[in-house]
Amino acid sequence: MSRIWIRGGRVLDPAVELDARVDVLVEDGRIAAFGDDLAPTGAERIDADGCWVMPGFVDLHTHLREPGQEYKEDIASGGRAAAAGGFTAVACMANTNPVNDDPSVTDFILDRARQDAPVRVYPVAAATRGLRGETMTEMVALAAAGAVAFSDDGQTIMNSGVMRRVLEYSRLVGAPVIVHAEDRTLVGEGVVNEGPVSTRLGLPGNPAVAESVCVARDLMLAEATGAHLHVGHVSTAAAVELIRAARGRGVHVTAEVTPHHLALTDEATLGYDTNTKMAPPLRSAADVRACRRALADGTIDAVATDHAPHAVHEKEVDFAEAPNGIIGLETAVPVVLELVRAGELTPLEWVRRMATNPARILKRPGGRLAVGTTADVVVVDPERRWTYDPAKGFSKSRNSPWAGQEMVGRAVVTIVDGRLVYHVDRGVLA
Ligand SMILES: [Zn+2]
């Protein structure tokens, strides 16, 4: 019998609006008890004074790069980075090599995750063969193999007829369709947000309307089909307004925003640092404000990292040539906690967007701490100061705009299925 006694922490469970200082006992993979007088025998004791004890975070949007690009990341290293960041589950995107458009690839990912990853891994399967946006994948077979959602992330399904059929079939399997909403004909060669910053940089701009046009279409198709549309990495005020209006008329839409789109504006790209290049690009201050407000008022349901590892040599090129994306699993906690410190989110609402809502969107367990439920738990020290050094992190890649910066707040303990998989002083343990 394995026991973990988490004592002295502030327990936050958005599922039942619990916010109280109480001890937690984990036993044989489950939350066994809450109380002030537990003093169990033979338990590993975690001192959580000054810390928050919460359901483990669930990342809706991770690129684990395996199979095919293991020099950037693999399921083991990405899983370790997730555990160190406080995540107990990650949904991994389909743009691997081969693409996860076949049940054999889904099987491979799940097998590898069971052997190598300290956290739960939920494969997201491609919506179309080879992410080419032409022919639908076998959604029923992929869902049977364990795919939790469908997405051509990285690519937009530009053919509206194909997108409509993808949404229709997704209803049969009851899984969301996650969209990377960028109209490619409007993005063109754009590599930074179109506006004063792109002009100053002398780089081609990617306009905000490239996102909103696509979100508008997908919302209308979701409305027509009754499917569950999940908008990945929302970055513009216009997309936020469209989602808010659609939800108001009953469209089944959920949405996520990344830590970087909450924390950084396009001005961060002024130094041509390729670790500020991503798709969608960092946007204007007004867009960032709109995304923060939407996360606070619930229009955007969740924070998702869009953890996108790339090797050093791939990012050490001209801005226009560099691949899109940054790593994010190990920095999400301090970056998003800034909204809590700014008074824009309560701690309880923060956890709802990191754990409870993502679990609900994927229809997976987790996101709550009730007695009897599976013990996926994170302990965060919201005041802990540390300097982020990607070279000392668990991801194989280092492409982060926060490298070398002092951070406030850190995941200090991660428990998956009742097992201690990460301790800040001892590293990843599984
Ligand atoms: Zn994407």
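Student: What should I know before I start?

Tutor: It's a predicted model, where local features need pLDDT of at least 70, side-chain atom pairs count only at pLDDT 80 or more, and totals for chains, interfaces and linings use all residues. Residues are numbered from 1 along each chain as its sequence is written, and side-chain values use heavy atoms, with hydrogens and water left out.

Student: Which residues are the protein donors of the zinc ion?

Tutor: Donors are N, O and S atoms within 2.8 Å of the metal (3.2 Å for Na, K and Ca); water is not among the atoms, so sites may look incomplete. Here they are D153 (OD), H180 (ND1) and H233 (NE2), at 2.0 to 2.2 Å from the zinc ion. Along the chain, their spacing reads D-x26-H-x52-H.

Student: Is H180 buried or exposed?

Tutor: Buried means under 20% relative accessible area, exposed over 50%, and partly exposed in between (1.4 Å probe, protein chains only). H180 is buried at 7%, and H233 is buried at 1%.

Student: How many salt bridges are there in the whole structure?

Tutor: Side chains of opposite charge can pair when their charged atoms come close. The rule used is a side-chain nitrogen of Lys or Arg within 4 Å of a carboxyl oxygen of Asp or Glu. A search of the whole structure turns up 29.

Student: What does D49 pair with?

Tutor: R7, with closest N and O atoms 3.2 Å apart, and R21, at 3.3 Å. D49 is partly exposed at 45%, R7 is buried at 17%, and R21 is exposed at 54%.
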